[in-house]
Amino acid sequence: MVKWCLHDSRVSHAGAAEFRVRWSWPGEAALGPRRPRRGRREQEVAMSEDRADTANLLKAIEFASRKHSTQRRKDEDASPYINHPIAVTHLLADTGGVTDLVTLMAAVLHDTIEDTQTTAEELEAQFGRTVRKVVEEMTDDKSLDKAVRKQRQVDHAPHLSSRAKAIKLADKIANVQDVTDTPPANWDLARRIDYLDWTEKVVAGCRGTNAPLEKFYDEVLKRGRAKFRS
């Protein structure tokens, strides 16, 4: 049995709250180098900050779950839509090693403006202006033709913030996995191949942001192409 421990909460140079995640076994010290023992006051402050970070991330998950509650993915099983933003957030934290709280919160919320009735103002009121701005970077203009929206993603990718680029990488990894293994029932092979080709163009504009995510995308893409050739 493992235990999820949050620790080392702090504010980055960009002003964003951060936390680190460490796995440990009950009754054992958490993995990693030992830190000097903190005084009681320092421990109380750290615990308070950790609780605030955890609460904010859980608040974002709860918010996204409500907003996407009636939506389903396009796969044959019509899985709950919330599975996708949670998967994207997990990829960031696990594969990408991302500890920035703003990035993780924005990842959970990244489809709320685009695919639900959520407004940018509502997001700012709930989660602050910084999270709102990152989610807006991830939001397509649904009033445009789909082909135009897809080209805009390719064109805009190099100009995204580092946070939005990391989320975009994780988003495309999750989508390539889905298109490879659980595609929409009405997508033929040609459409699935076209989708993989398009993600490669988007990801090209996000490279240089998170090496582990980029490496994993390449592996997922390679596996998808191999499966489609077989």
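**Helices and buried residues in a predicted model**

Reader: Let's start with Val-102: is this residue buried or exposed?
Author: Val-102 has a relative accessible area of 10%, and because the cut-off for a buried residue is under 20%, Val-102 counts as buried. Please keep in mind that this is a predicted model.

Reader: Which helix does Val-102 lie in, and how many residues of helix 3 are buried?
Author: Val-102 lies in helix 3, which runs over residues 101-109 and is mostly covered, with nine of its nine residues buried. Among them are Leu-101, Thr-103, Met-105 and Leu-109.

Reader: How far apart in space are Val-102 and Asn-56?
Author: From C-alpha to C-alpha, Val-102 and Asn-56 are 9.6 Å apart, while 46 residues separate them in sequence.

Reader: And Leu-109, what does that residue touch?
Author: Leu-109, also found in helix 3, is buried with a relative accessible area of 0%. If residues up to four places away in sequence are not counted, Leu-109 touches Ala-60, Phe-63, Ala-64, Leu-123, Phe-127, Val-131 and Val-135.

Reader: Now helix 10: what span should its 19 residues have?
Author: At 1.5 Å a residue, helix 10, residues 211-229, should span 27 Å, and the C-alpha atoms at its ends are 27 Å apart, so the expectation and the model agree.

Reader: Which residues of helix 10 are buried?
Author: The buried ones are Leu-213, Glu-214, Tyr-217, Val-220, Leu-221, Gly-224 and Phe-228. They cover an arc of only 125° around the axis, which means that they sit on the same side of helix 10.

Reader: Why would residues three or four places apart point the same way?
Author: An α-helix has 3.6 residues a turn, so residues with that spacing point the same way.

Reader: What covers that buried side, and what is on the face turned away from it?
Author: The cover over the buried residues of helix 10 includes helix 2 (83-94), helix 8 (162-181) and helix 9 (189-204). The face turned away from the buried side carries the exposed residues Ala-211, Lys-215, Lys-222 and Arg-229.

Reader: What happens at the start of helix 10?
Author: There, a side-chain oxygen of Asn-210 comes to within 3.0 Å of the backbone nitrogen of Leu-213.

Reader: Which residues is Thr-199 in contact with?
Author: Thr-199 is part of helix 9 and counts as buried because its relative accessibility is 0%. Leaving aside neighbours within four places in sequence, Thr-199 is in contact with Lys-172, Val-176, Tyr-217 and Leu-221. Tyr-217 and Leu-221 are among the buried residues of helix 10.

Reader: At what angle do helix 7 and helix 9 pack?
Author: Helix 7, residues 146-156, packs with helix 9 at an angle of about 35°, and their axes are 8 Å apart. Lys-146, Lys-150, Gln-153 and Val-154 of helix 7 meet Arg-191, Trp-198, Lys-201 and Val-202 of helix 9, and these divide into three nonpolar, one polar and four charged residues.

Reader: What is the relative accessible area of Arg-191?
Author: Arg-191, which lies in helix 9, has a value of 35% and is therefore partly exposed. The C-alpha atoms of Arg-191 and Val-179 are separated by 9.6 Å, with the two residues 12 apart along the chain.

Reader: Last topic, backbone angles: what is phi of Ala-78 near?
Author: Phi of Ala-78 is near 50°, a positive value in a residue other than glycine. By contrast, most residues other than glycine have a negative phi. Ala-78 is in the loop between helix 1 (40-67) and helix 2, and is partly exposed at a relative accessible area of 31%.

Note on methods: Residues numbered from 1 in each chain as written. Predicted model: local features only at pLDDT ≥ 70, side-chain atom pairs only at ≥ 80, totals over all residues. Heavy atoms only, no water. Helix = DSSP H or I, 4+ residues; strand = E, 2+ residues; numbered from the N terminus. Expected span 1.5 Å × (residues − 1). Buried < 20%, exposed > 50% of the residue type's maximum accessible area, 1.4 Å probe, protein only. Arc of directions from axis to C-beta. Contact = heavy atoms within 4.5 Å. Polar contact = N/O pair within 3.5 Å; in protein donor to acceptor, adjacent residues only side chain to side chain. Axes fitted to C-alpha atoms, helices over the stretch in contact; angles between N-to-C directions. Nonpolar A, V, L, I, M, F, W, Y, C, P; charged D, E, K, R; others polar.
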